[in-house]
Amino acid sequence: MADADPHKRHRAARSMPLPECVALVLQGGGALGSYQAGVIEALAEADVAIDWVAGISIGAINAAIFAGNPPERRIERLRAFWDTVTAGLPSFPIYDDPRIREFVHEWSAASVMTQGVPGFFRPRMVPPMFAPPGSCGALSFYDSAPLADTLDALIDWELANDGPVRLSIGAVEVESGNFHYFDSRQCRIDARHVMASGALPPGLPPVEIDGKWYWDGGLVSNTPLTHVLDHQEAPTLVFQVDLFSATADRPRTLMDVMSREKEIRYSSRTRQVSRERLRLRQEREAIRRVLAKLPPDLADDPDVLALKGQAAELPVSLVHLIHRANAWEGGSRDFEFSERTMRDHWAAGREAIAETMAQSQVLAQNIADGRTAAFDLTRRAQPRR
């Protein structure tokens, strides 16, 4: 049985009060998505109940598994997914040395390129250059059909669509290039929508939905934060799980260059969105302060009323949870589906929540004050207002 109406339950985590809405925003990043699973597990252990989960690419998969299962089965189903997709590579003891770990890491990624990922995608028998033009076989190197069976086995789609947790999934329409969100408040979501969100070309084929083709939402934006903020209906606490860090050390090798290029490509849009939205909220806050100083005889002026409406907003506490790569993780980290690395990332996600909750009084105060601010508490950063 699913949770009761989330707005009627006791709004409190183990160590802090919660606002009316708690949202989980999951970025794309392929194999790095097990970090998100660790975050989800640790949030559950901290009694942080999620009302809304939005995802892109691998984040859409984790989001759908979360929304499509009752609380007592979510972690079990997430583990089933990640155990499945990492089962294709052997796991053996290795000497704890960064250079050896990097070699095994790249070997594992190369194996994925040649044999695919169980329950996710497989190489095409016929190379795309020999397939009929216009067919899915001509548009990608891999067949993502196995993912449909995996998702259907792990997700209760009725619960995902009609349950207490709102589900939002981002994808890009191929012909128009427009970004689109499939939202359980607005449409019926199934495996196609999740697969569309993760259909990164030219590796994976586009997914057809109602006569239109869709690709990975990360082509336009790797974070669904804008959708959550644009449709906010109550004071909200947002946990944004970023799988690529905007900052890192200067590259020293060609593998470092490949790694850093991918980090910048996928994190820059996320950082831009977050900063732009916070800046707009600062401007609206300034407008509200000025409006509050106007004399009473202007309160009903049409222009003042219109400006009040444009400046009105609800507070947001935005918590960044950022995966920061290990020294041995190169540019292929997003398709290195080994069990060893998956468990490392899962543990790192749990640790990020532990560090964040250890400073929960900072979040609690911001929620109580009804202010908008962004936090990265895993680096002991000050909130950005």
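Which residues does aspartate 216 touch, not counting residues up to four places away in sequence? In this predicted model, where local features need pLDDT of at least 70, side-chain atom pairs count only at pLDDT 80 or more, and totals for chains, interfaces and linings use all residues, aspartate 216 touches Ile56, Ser57, Val172, Ala196, Ser197, Gly198, Ala199 and Leu200, contact meaning heavy atoms within 4.5 Å. Residues are numbered from 1 along each chain as its sequence is written, and side-chain values use heavy atoms, with hydrogens and water left out.

Aspartate 216 belongs to strand E8 (residues 212–216), strands being DSSP runs of E with at least two residues and helices runs of H or I with at least four, numbered from the N terminus. At 4% relative accessibility aspartate 216 is buried, a word that stands for under 20% relative accessible area, with exposed over 50% and partly exposed in between (1.4 Å probe, protein chains only). Serine 57, in the loop between strand E2 (52–56) and helix H2 (58–67), is also buried, with a relative accessible area of 11%.

The unreviewed UniProt entry annotates Ser57 and Asp216 as "active site", although such annotations may be inferred rather than shown by experiment; positions follow the numbering used here and feature names are shortened. They span 160 residues in sequence, yet no two of their C-alpha atoms are more than 6.0 Å apart, so they gather at one spot.

Turning to helix H12 (residues 360–369), Ser360, Leu363, Ala364, Asn366 and Ile367 are buried. They cover an arc of only 165 degrees around the axis, which puts them on the same side of H12, the arc being that of the directions from the helix axis to the C-beta atoms. The face turned away from this buried side carries the exposed residues Gln361 and Ala368.
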